[in-house]
Amino acid sequence: MNGGDWLWAVGGLAAVSVLTGGISAALRMLQDGKTLHPSFMAFEPLGPGRYWILGAWLPFFALNIAGEEFVWRGVALPRQEVAFGGWAWLVNGIMWLLFHAAFPWQVLSTLVPITLLLPYIVQRRRSTWAGIVIHAGVRSDGLPCPGIRACMNAARSEALDATRSKAAGPRKRRI
């Protein structure tokens with residue numbers, strides 16, 4: 001990767017993060033703060049006896065990110081460029097989004113920014129590595145640190161509960 005690739009990758013990561021965060025916030029407001037992810041994607045804190053999960057996760061992370069990027073951007077995108085020219089990134093992005101169709105619509109809607117921006121950047125820069133950097137940056141949002149993410153969610157929940165209890169006023173005591 002050259003300097004231009006890094007600039008596009010970091011800029012793309014920032015754009016994907018902001019857009020995904022905005023979509024997530026809008027969905028949370030529409031769903032009264034409910035979680036967007038299915039229960040099988042829940043993160044629980046790592047504790048004694050569970051640190052092996054981190055060791056098992058690292059190869060999965062590397063193979064998942066590298067595998068998806070090499071297949072979708074290293075193999076499929078160049079072939080799509082032959083068929084679709086300058087619009088290959090859009091075809092690739094739509095197909096990549098459909099590849100994730102097993103997820104609920106709320107999760108799919110949060111994937112739209114990465115599934116469109118990442119192939120565009122890879123096609124424009126002709127660098128699969130830029131896609132790997134963006135994909136890894138987005139996917140590492142808490143994945144290597146499920147304990148930190150769970151603690152942040154717990155703190156956010158406690159702060160929300162405290163705000164709600166203050167708004168409700170003092171509690172009446174039962175006698």
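In this predicted model, the axes of helices H2 and H3 come within 8 Å and cross at roughly 135°, and H2 and H3 are therefore oblique to each other, since an angle counts as roughly antiparallel only when it is over 145 degrees. The crossing in which H2 passes H3 is right-handed. On the H2 side the meeting residues are Glu-68, Glu-69, Trp-72, Arg-73, Ala-76, Leu-77, Gln-80, Glu-81 and Phe-84, and on the H3 side they are Ala-88, Trp-89, Val-91, Asn-92, Met-95, Trp-96 and Phe-99. By class, these residues divide into 10 nonpolar, 2 polar and 4 charged.

Helices H1 and H5 form another packed pair, with an angle of about 30° and axes 9 Å apart, which makes H1 roughly parallel to H5. H1 passes H5 in a right-handed crossing, and the contact is made by Asp-5, Trp-6, Trp-8, Ala-9, Gly-12, Leu-13 and Val-16 of H1 together with Ala-130, Val-133, Ile-134, Gly-137 and Val-138 of H5. This contact of H1 with H5 has 9 nonpolar, 2 polar and 1 charged residues.

The angles and axis separations of the two pairs are set out here.

| Helix pair | Angle | Axis separation |
|---|---|---|
| H2 and H3 | roughly 135° | within 8 Å |
| H1 and H5 | about 30° | 9 Å |

Which residues make up the largest nonpolar core? That core has 12 residues, namely Ala-9, Val-16, Trp-72, Leu-77, Ala-88, Trp-96, Ile-114, Leu-118, Ile-121, Val-122, Ala-130 and Ile-134. Helices H1 (3-30), H2 (52-84), H3 (88-99), H4 (105-125) and H5 (128-139) each supply at least two residues of this core, and its largest share, 4 residues, comes from H4. A second, separate core of 5 residues includes Trp-57, Phe-61, Ile-65 and Ala-136.

Trp-96, found in helix H3, is buried because its relative accessible area is 2%, below the 20% cut-off. Trp-96 touches Glu-68, Glu-69, Trp-72, Arg-73, Ile-114, Thr-115, Leu-118 and His-135, and its C-alpha atom is separated by 8.9 Å from that of Leu-116, 20 residues apart along the chain. Ile-134, for its part, touches Trp-8, Ala-9, Gly-12, Leu-13, Ile-114, Leu-118 and Ile-121.

Key. Residues are numbered from 1 along each chain as its sequence is written. This is a predicted model: local features need pLDDT of at least 70, side-chain atom pairs count only at pLDDT 80 or more; totals for chains, interfaces and linings use all residues. Side-chain values use heavy atoms; hydrogens and water are left out. A nonpolar core is a set of buried Ala, Val, Leu, Ile, Met, Phe, Trp, Tyr and Cys residues joined through side-chain atoms within 4.5 Å. Buried means under 20% relative accessible area, exposed over 50%, partly exposed in between (1.4 Å probe, protein chains only). Contact means heavy atoms within 4.5 Å. Axes are lines fitted to C-alpha atoms, for helices over the stretch in contact, and angles run from 0 to 180 degrees between N-to-C directions. Angles under 35 degrees count as roughly parallel, over 145 as roughly antiparallel, 65 to 115 as roughly perpendicular and the rest as oblique. A crossing is left-handed if the near helix is turned anticlockwise from the far one by less than a right angle, and right-handed if clockwise. Ala, Val, Leu, Ile, Met, Phe, Trp, Tyr, Cys and Pro count as nonpolar, Asp, Glu, Lys and Arg as charged, and the others, Gly among them, as polar. Lists of a residue's contacts leave out its neighbours within four places in sequence.
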